[in-house]
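This briefing is meant for a reader who is meeting the structure for the first time. Please look over the sequence and the model before reading the points that follow.

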Amino acid sequence: MINPTNLYNEIAGNILSRFPGGEVLLSQAAQRRAATAASASRAVTRQDDTEPARSGISDVPFSAIMEYFSSGGEADAFIRQAIEAEIELASARHNLDPNLVRAVIRAESSYRHDAVSHAGAMGLMQLMPGTAASLGVTDPFDIRQNIEGGTAYLRRMLDMFDQDIDLALAAYNAGAGAVRRHGGIPPFAETQRHVPRVRQFFEEYTLQAYQRSAEDSRFGR
């Protein structure tokens with residue numbers, strides 16, 4: 001008899017391995033399943049050694065799992081979760097507000113991990129080939145590498161321009177040299193649009209986070 005938990009883990013593991021950061025989600029799911037199983041252990045008995053007690057996601061039928069991962073919309077949601085996990089990890093490593101990183105990704109690529117600009121910038125955080133190479137990014141379309149590289153570069157720009165967010169965003173978009181030459185945000189149409197756009201998204205994400213926090217506090221969550 002097929003062990004449903006092992007089958008689920010094999011399927012999920014294979015799919016998650018395609019999206020860097022996915023193993024974090026798999027680990028979190030495993031921890032939740034373990035906690036659920038532990039709390040219910042006294043009330044659960046096994047029929048035999050090949051079919052363990054089922055709880056949580058392990059109780060989802062195989063057909064439902066396959067339907068979940070074969071659905072375009074669900075796959076997009078799954079990739080977004082992997083991206084969010086990487087944003088949190090990279091932001092913590094580089095001491096950045098994850099909402100600022102989210103804002104940059106939204107402005108640069110609209111969260112498209114396969115995006116390529118007319119100038120050749122690649123991936124979620126739109127890394128140019130030279131910039132990617134200098135950051136040790138060997139595959140700009142790899143979610144983990146792209147976010148790690150882009151976040152490290154954003155941190156570098158903030159440090160270079162004394163934590164001035166506007167100048168750092170301008171440098172991220174147009175290059176640090178252009179910001180220095182013009183003594184501020186360069187008079188390039190794209191950069192002039194880019195900086196306030198990222199700022200707007202940053203404020204939106206920050207407000208949403210504040211509202212969620214206030215709601216959680218209100219209801220004791």
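The score called pLDDT is the predictor's confidence in each residue, on a scale from 0 to 100, and a contact means heavy atoms within 4.5 Å. Both terms are needed here, because this is a predicted model. The protein chain has a mean pLDDT of 78, and 63% of its residues reach 70 or more.

**Confidence along the chain**

- Over residues 1-5 the pLDDT stays under 50, and the model gives this stretch 12 contacts beyond four places in sequence.
- Residues 40-62 also have a pLDDT below 50, and this stretch has 25 contacts in the model beyond near neighbours in sequence.
- Where pLDDT is low, the predicted coordinates should not be read in detail.

**Overall make-up**

- The secondary structure of the protein chain comes to 10 helices and 0 strands, so that, when read along the sequence, the pattern is α-α-α-α-α-α-α-α-α-α.
- Of the 221 residues in the protein chain, 39% are buried, and the accessible surface comes to about 12,500 Å², with 51% of it belonging to carbon and sulfur atoms.
- Among contacts between residues at least 6 apart in sequence, 48% join residues that are at least 24 apart.

**Helix α7 and its ends**

- Helix α7 covers residues 143-160, and its 18 residues should span 26 Å at 1.5 Å a residue, which agrees with the 26 Å that separates its end C-alpha atoms.
- After α7 comes aspartate 162, whose phi is positive, near 55 degrees.

**Salt bridges**

- Side chains of opposite charge can pair when their charged atoms come close.
- The structure holds 9 salt bridges, and in one of them the side chains of arginine 102 and glutamate 88 meet at 2.5 Å, N to O.
- Because arginine 102 lies in helix α5 (residues 98-109) and glutamate 88 in helix α4 (residues 72-93), this pair ties together parts that are 14 residues apart in sequence.
- Arginine 102 has a relative accessibility of 12% and therefore counts as buried, whereas glutamate 88, with a relative accessible area of 40%, is partly exposed.
- Arginine 106 forms a salt bridge with glutamate 204, the closest N and O atoms being 3.0 Å apart.
- That pair links distant parts of the chain, with arginine 106 in helix α5 and glutamate 204 in helix α10 (residues 189-218), 98 residues apart.
- Arginine 106 is partly exposed, with a relative accessible area of 27%, and glutamate 204, at 27% relative accessibility, counts as partly exposed.
- Arginine 112 pairs with aspartate 114 in a salt bridge whose closest N and O atoms are 3.7 Å apart; arginine 112 is partly exposed at 47% relative accessibility, and aspartate 114 is partly exposed with a relative accessible area of 44%.
- Salt bridges that share partners also join Arg80, Glu84, Glu88 and Arg102 into one network.

Note on methods: Residues are numbered from 1 along each chain as its sequence is written. This is a predicted model: local features need pLDDT of at least 70, side-chain atom pairs count only at pLDDT 80 or more; totals for chains, interfaces and linings use all residues. Side-chain values use heavy atoms; hydrogens and water are left out. Helices (H or I, at least four residues) and strands (E, at least two) are DSSP runs, numbered from the N terminus. The expected span of a helix is 1.5 Å times one less than its number of residues. Buried means under 20% relative accessible area, exposed over 50%, partly exposed in between (1.4 Å probe, protein chains only). Accessible areas come from the Shrake-Rupley method with a 1.4 Å probe; for residues, only the protein chains shown count as cover. A salt bridge is a side-chain nitrogen of Lys or Arg within 4 Å of a carboxyl oxygen of Asp or Glu.
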